[in-house]
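This report walks through one protein–ligand model.

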Amino acid sequence: MVEVIKTTGDMKARAALSRARGDTVGFVPTMGALHEGHLSLIRRARAENDVVIISIFVNPVQFDRNDDYRGYPRPLERDLAMAYEEGVDVAFVPDVEQVYPEGYSTFIEVRGSLTDVLCGASRPGHFRGVTTVVTKLFNIIRPDRAYFGQKDLQQAAIIKRLVRDLNMGVEVVTLPTVREADGLALSSRNRHLSGEQRRTAVSIHRALTRATELLISGEMDTAVIVCEVRGVLNEGGIARIDYVSVVDPETLEEVSEARPGAVVAVAAWVGDIRLIDNTALGVGPESQLFMHLNVETV
Ligand code: AMP
C-alpha cells in the first residue's frame with residue numbers, strides 16, 4: 001500500500017528523510033478524485049525521481065463557492081489504490097485543521113496581470129488560495145520537482161511566477177491535457193455532468209478545434225477567432241460563457257494577432273458546472289508546444 005501521512009509534522013520528517021538519503025523527490029499536488037490527467041503527472045514524476053509524493057487535499061480557501069467545495073468528490077480509498085498502482089511512495093492526506101490550524105493568518109498572493117485576468121477575474125480569491133496552499137506544501141515537502149497540468153494554464157503560469165519570485169528552488173514541470181476519446185478534457189468535476197450535459201460539454205473541445213482550423217486556414221485576427229469559438233459553444237448548447245480569450249501562454253496577455261503558440265482559453269458553464277479548457281494554436285499535437293515550454297528551473 002501507499003504510505004499515507006496525515007500530519008504536517010510527519011510529512012516534513014518523511015520528506016527530510018528522503019532528502020537526507022540523497023533521493024530526489026517529485027511532488028504532484030492534487031485535490032483527489034484522481035483520473036488519467038493526474039496519473040499522467042504521477043507517471044512523469046515516477047520516471048524522473050527516486051521518491052514520488054502526492055497530496056490529496058480539497059483546499060477550502062481556493063473555492064469561491066461553498067456548494068462547489070462541499071460537493072467536490074472525495075473517493076479516497078479509490079484514489080489511494082490508483083496511486084499505489086502507479087508506484088506512488090507517499091500520499092499526504094491532511095485534514096483542514098492540519099493545513100489551516102486555529103489562528104492561521106498568512107496568505108500568499110501573486111499580484112497583477114497574471115491573476116487579474118481569465119479565471120482570476122471571475123473567481124475572486126481562487127488563485128490566492130492556490131498559491132497559499134502550494135507554498136505550504138512546498139515548504140513541508142521541499143520537492144526537487146513539482147508537476148502541474150497545462151489544462152489549468154493560468155494556475156501553471158502563476159505557480160511558475162511564485163516559484164521564481166520567492167526563490168523556491170523547485171523545478172516546475174507542466175504536462176499536456178489528457179482528454180476523453182471525444183476530446184473532453186478530463187476533470188474531477190466531469191462526474192457531476194448528467195448524460196445530456198456530458199454531450200453538451202464536448203462542444204468546448206469542438207470550439208477549440210475550430211479555432212485551430214481557422215488559424216490553419218489563414219485567419220490571424222483573434223477577434224474573429226473568439227467570435228467563432230463563441231458561436232460553436234452557443235450552437236452546442238452552451239449559453240453561459242465566462243470567457244473566450246487568445247493569450248500568450250506565459251504572460252497571459254491577450255494577443256490581437258493569432259500566432260503559433262498563442263493559446264485559446266475557454267471557461268464556460270454547463271448547467272451549474274464550470275468547465276475550463278485551452279489549446280495552443282497552430283503547433284500540432286499539444287506535446288510539441290509543451291516540450292519547449294515544459295520545464296522551468298528556478
Ligand atoms: P486538481 O486535482 O484538479 O487540483 O488537479 C491536480 C493537477 O492535475 C493540476 O496540476 C491539474 O492541472 C492537473 N490536471 C487536471 N486535469 C488534467 C487533465 N485533464 N490533464 C492533465 N492534467 C490535469
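## Aromatic cluster

Ring pairs join F57, Y100, Y104 and F107 into a cluster. This is a predicted model. The count of aromatic pairs comes to six. Two of these pairs are described here.

The rings of F27 and F138 have centres 6.2 Å apart. Their planes stand at 75°, over the 60 degrees needed, so the pair is edge-to-face. F27 sits in strand 2, and F138 sits in helix 8 (residues 126–141). The two are 111 residues apart, and their pair links distant parts of the chain. Both F27 and F138 are buried.

The rings of F57 and Y100 have centres 6.3 Å apart. Here the planes are at 40°, so the pair counts as tilted. F57 belongs to the loop between strand 3 (51–56) and helix 3 (66–71). Y100 belongs to the loop between helix 5 (96–99) and helix 6 (113–116). The pair therefore ties together parts that are 43 residues apart in sequence. Both F57 and Y100 are buried.

| Ring pair | Centre distance | Plane angle | Class |
|---|---|---|---|
| F27 and F138 | 6.2 Å | 75° | edge-to-face |
| F57 and Y100 | 6.3 Å | 40° | tilted |

## Ligand shell

There are 17 residues around the ligand. M31, H38, D152, V178 and L186 come nearest.

A nitrogen atom of the ligand is 2.9 Å from a polar backbone atom of V178. A ligand nitrogen also lies 2.9 Å from a polar backbone atom of L186. For G149, a backbone N or O atom is 2.9 Å from an oxygen atom of the ligand.

How much of the ligand does the protein bury? Taken alone, the ligand exposes 480 Å², and the protein buries 92% of that.

Which elements give two or more residues to the shell? They are strand 2 (25–30), helix 2 (36–48) and strand 5 (145–149). Helix 2 gives the most, with three residues. By class, the shell has eight nonpolar, seven polar and two charged residues.

## Cysteines

A disulfide is a covalent bond between the sulfur atoms of two cysteines. A search of the whole structure finds zero disulfides.

C119 has a relative accessible area of 6%, under the 20% cut-off, so C119 is buried. C227 reaches 53%, over the 50% cut-off, so C227 counts as exposed.

## Strand 6

E171 lies in strand 6 (residues 171–175). Is the residue buried or exposed? E171 counts as buried, at 19% relative accessibility. The cut-off is under 20%, so the value of 19% falls on the buried side. The E171 side chain makes a polar contact of 3.4 Å with the side chain of R145.

L175 is also placed in strand 6. L175 counts as buried, at 5% relative accessibility. The C-alpha atoms of L175 and E257 are separated by 25 Å. Along the chain, L175 and E257 are 82 residues apart.

## Positive phi

Most residues other than glycine have a negative phi. Which residues depart from this here? L118 is one of them, with a positive phi near 45°. L118 is found in helix 7 (residues 118–122). Its relative accessible area is 10%, so L118 is buried.

R142 is not a glycine either, yet has a positive phi of about 50°. R142 is placed in the loop between helix 8 and strand 5.

V58 lies in the loop between strand 3 and helix 3. V58 has a relative accessible area of 10%, so V58 is buried. The C-alpha atoms of V58 and P73 are separated by 9.1 Å. V58 and P73 are 15 residues apart along the chain.

Key:
Residues numbered from 1 in each chain as written. Predicted model: local features only at pLDDT ≥ 70, side-chain atom pairs only at ≥ 80, totals over all residues. Heavy atoms only, no water. Near = heavy atom within 4 Å. Polar contact = N/O pair within 3.5 Å; in protein donor to acceptor, adjacent residues only side chain to side chain. Areas by Shrake-Rupley, 256 points an atom, 1.4 Å probe, with all protein chains shown as cover. Helix = DSSP H or I, 4+ residues; strand = E, 2+ residues; numbered from the N terminus. Nonpolar A, V, L, I, M, F, W, Y, C, P; charged D, E, K, R; others polar. Disulfide = S-S within 2.5 Å. Buried < 20%, exposed > 50% of the residue type's maximum accessible area, 1.4 Å probe, protein only. Phe/Tyr/Trp six-rings, centres within 6.5 Å; stacked < 30°, edge-to-face > 60°.
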